[in-house]
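This briefing is meant to be read beside the sequence and the structure.

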Amino acid sequence: MTTVNTSITLKKGDVLKHTFLKVEPGAGAIKLARKYFPPNVEYHDALEIAAALIDGHFEGIDDQKVRRCAHCGYYYRDKTKNNSSVICSKECARGKDIVLKAWRREVRKVGKVRRLSWLDLHYVSSYKGEPLEYPFWSSDWHMFEYDRKRKVYSFGDDFEQYVAQQKRKAEMGGKRKTAEQIDYDGYNVPRNIHVKLGGHVGYGKVTVIKQSREKIEAELLARYGAKKLQQERVRAQMAALGSYKI
């Protein structure tokens with residue numbers, strides 16, 4: 001078994017062909033370009049400055065720390081102590097890694113025999129390289145089996161069951177029903193309820209606490225606030241007059 005070497009190291013000045021001047025400039029390239037744009041520059045003058053920055057015809061190009069970014073392809077100034085960076089920003093670093101990973105995957109695919117799928121074996125879609133106008137399955141069983149393996153439907157009434165299941169999922173908002181978030185105000189906290197099944201269930205001890213009207217008013221005021229209490233009083237009065245139900 002032969003192994004394919006997929007390691008690649010970008011050197012200073014090397015730029016990826018897939019992204020060279022095809023993506024937005026990175027933060028480092030923008031920072032370098034800002035030094036060459038005077039304030040209140042005219043549109044046509046800005047175009048000439050930008051063209052010079054892209055082509056490398058600007059003052060300071062001979063500096064060893066000024067080079068092209070390996071991802072976006074624009075010039076930037078290296079800020080590392082050992083002058084070893086090849087990208088101008090973190091965004092360009094992520095973009096460079098994405099391109100290199102895709103290239104490695106393509107290299108690993110070369111020489112590998114792809115395993116024939118169910119469609120390749122039992123579904124006829126072309127003849128001598130030409131696509132058929134009416135593709136067909138080799139048998140009805142293979143067609144139903146293809147759908148069954150993908151949990152679509154199999155035979156008979158299962159199709160209606162599948163349609164009903166998908167409709168139910170759509171109404172619920174997905175496979176799992178989202179948990180209902182209840183906003184408690186700090187007092188009406190949820191409590192565990194213990195249910196005793198079987199046998200005689202007796203009543204527990206009841207503690208009666210008597211409070212004066214002033215204490216009740218003070219507690220409700222501290223708990224709900226004056227605005228809430230006023231709204232509830234108006235609501236109770238309207239309900240007593242029969243304007244609306246509680």
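In this predicted model, Arg 213 is exposed, with a relative accessible area of 63%, and its side chain meets that of Glu 217 in a salt bridge with an N to O distance of 4.0 Å. Glu 217 counts as partly exposed, at 29% relative accessibility. Both residues belong to helix 7 (residues 213-224), where they lie four residues apart, or about one turn of the helix.

**Salt bridges**

- The count of salt bridges comes to nine, and one network of them links Arg 213, Glu 217 and Arg 233.
- Arg 67 forms a salt bridge with Asp 78, in which the closest N and O atoms are 3.1 Å apart; this pair links distant parts of the chain, since Arg 67 is in strand 1 (residues 66-68) and Asp 78 is in the loop between strand 2 (75-77) and helix 3.
- Arg 67 and Asp 78 are both buried.
- Glu 106 forms a salt bridge with Lys 109, the closest N and O atoms being 3.9 Å apart, and because the two are three residues apart in helix 3, about one helical turn separates them.
- Glu 106 is partly exposed, with a relative accessible area of 47%, whereas Lys 109 counts as exposed at 53% relative accessibility.

**Helix 3**

- The 20 residues of helix 3 (residues 90-109) should span 28 Å at 1.5 Å a residue, and the 29 Å between its end C-alpha atoms agrees with this.
- The buried residues of helix 3 are Cys 92, Gly 95, Lys 96, Val 99, Leu 100 and Val 107; they cover an arc of only 130° around the axis, which puts them on the same side of helix 3.
- The face turned away from that buried side carries the exposed residues Lys 90, Arg 94, Ile 98, Lys 101 and Lys 109.

**Nonpolar core**

- The largest nonpolar core consists of seven residues, namely Ala 29, Cys 69, Cys 72, Tyr 74, Tyr 76, Cys 88 and Cys 92.
- Leaving aside neighbours within four places in sequence, Tyr 76 is in contact with residues including Ala 29, Leu 32, Arg 67, Cys 69 and Cys 88.

**The chain as a whole**

- The secondary structure of the protein chain comes to eight helices and four strands, which run from the N terminus in the order α-α-β-β-α-α-β-β-α-α-α-α.
- Of the 246 residues, 19% count as buried, and the chain exposes about 21,300 Å², of which carbon and sulfur atoms supply 55%.

Key: Residues numbered from 1 in each chain as written. Predicted model: local features only at pLDDT ≥ 70, side-chain atom pairs only at ≥ 80, totals over all residues. Heavy atoms only, no water. Expected span 1.5 Å × (residues − 1). Buried < 20%, exposed > 50% of the residue type's maximum accessible area, 1.4 Å probe, protein only. Arc of directions from axis to C-beta. Core = buried A, V, L, I, M, F, W, Y, C linked by side-chain atoms within 4.5 Å. Contact = heavy atoms within 4.5 Å. Areas by Shrake-Rupley, 256 points an atom, 1.4 Å probe, with all protein chains shown as cover.
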